Amino acid sequence: MRPIGTATRGTTHPNRLRRMDRWIAATHGPALRRADAPVAVDLGYGAAPWTAVELLERLRTAEPRTVVVGVEISPERVAAAQPYAREGLTFRHGGFEIPLPERPSLIRAANVLRQYDEGGVAAVWQRLCERLAPGGLLVEGTCDEIGRRHVWVALGPEGPRTVTFATRLGSLDRPSDLAERLPKALIHRNVPGERVHAFLRDFDRAWAAAAPYASLGARQRWIAAVRALSGDWPLSDGVRRWRQGEVTVAWEALEPQGW
């Protein structure tokens with residue numbers, strides 16, 4: 001079967017996806033442990049296989065039985081990754097069809113759909129969600145080149161569930177700086193009248209109001225801002241994740257108009 005999708009730039013760097021990986025290990029670890037044979041897919045790992053290698057290491061802290069399969073649409077990238085294959089880590093040629101005989105417990109697609117048209121996102125999400133095992137998770141999102149700022153959508157077999165914003169707090173000027181890393185489904189919707197724009201506006205206001213906490217450090221200011229934000233927005237996590245420079249909000253609260 002011909003792989004579904006098109007080759008992207010493939011830019012990658014070691015440790016780029018650490019925030020996303022740690023969130024997955026923390027929130028999806030119980031599901032991996034319940035799986036009979038937990039398989040995770042690093043979809044579109046890029047020109048070098050660093051992200052797949054790191055995903056295996058991080059997920060095995062949550063479930064040592066986890067197996068990772070790196071999937072790339074470029075045969076040359078698959079060939080280049082083979083020297084890094086080892087027990088629990090393999091690489092395959094493929095695309096959005098996910099060329100595995102089994103249904104994976106996790107599909108991570110980072111910085112892949114960013115290079116596609118917005119109109120194609122929903123169909124790709126549906127295709128990938130249909131490949132998930134029961135209780136599986138799709139994480140699709142975008143980050144900057146060195147992993148300081150991330151935004152990702154978590155989806156189950158039924159569709160999108162949450163949106164997570166994650167950042168290195170010491171480099172943050174204001175929460176809306178994360179807008180440049182919104183995933184493709186949301187990045188063109190950061191305009192007045194759209195929910196994601198209202199969320200980031202309110203987040204900036206809460207951040208400004210929490211300025212007195214800056215003397216205690218950026219983490220305390222972030223926690224105070226997120227706690228204030230939780231009064232008006234349906235956040236699905238708590239202080240334990242907020243301390244990591246994260247906040248997760250229900251997808252329905254940010255869903256684009258006409259989605």
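Colleague: How many helices and strands does the chain have?
Modeller: Nine helices and eight strands in the chain. Keep in mind that this is a predicted model.

Colleague: And how compact is the chain, going by its radius of gyration?
Modeller: As compact as a globular protein of that length, because the radius of gyration is 18 Å and the globule rule gives 18 Å for 259 residues. The C-alpha trace spans about 55 × 40 × 30 Å along its principal axes.

Colleague: What share of the residues count as buried?
Modeller: 58% of the 259 residues.

Colleague: Let's pick a strand. Is β8 largely enclosed or open?
Modeller: Strand β8, residues 246–250, is largely enclosed by the rest of the structure, since five of its five residues are buried.

Colleague: Which residues sit on each face of β8?
Modeller: Glu246, Thr248 and Ala250 are on one side, with Val247 and Val249 on the other. Both faces are covered, and those residues are all buried.

Colleague: What does β8 pair with, and in which sense?
Modeller: β8 pairs with strand β7, residues 159–167, in the antiparallel sense, over five bridges.

Colleague: Which residue in β8 is the bridge partner of Phe165?
Modeller: That would be Val247.

Colleague: Switching to contacts: of those with a separation of 6 or more, what share is between residues 24 or more positions apart?
Modeller: 68% of them in this chain.

Colleague: Last topic, surface and charge. What is the accessible surface of the chain, and how far apart are the mean positions of the charges?
Modeller: The accessible surface comes to about 11,200 Å², and carbon and sulfur atoms hold 50% of that. For the charges, there are 36 positive and 29 negative, with mean positions 4 Å apart.

Definitions and conventions: Residues numbered from 1 in each chain as written. Predicted model: local features only at pLDDT ≥ 70, side-chain atom pairs only at ≥ 80, totals over all residues. Heavy atoms only, no water. Helix = DSSP H or I, 4+ residues; strand = E, 2+ residues; numbered from the N terminus. Rg over C-alpha atoms; globule rule 2.2 N^0.38 Å. Buried < 20%, exposed > 50% of the residue type's maximum accessible area, 1.4 Å probe, protein only. Contact = heavy atoms within 4.5 Å. Areas by Shrake-Rupley, 256 points an atom, 1.4 Å probe, with all protein chains shown as cover. Lys, Arg positive; Asp, Glu negative; His and termini not counted. Charge placed at Lys NZ, Arg CZ, Asp CG, Glu CD. Pairing = 2+ DSSP bridges.
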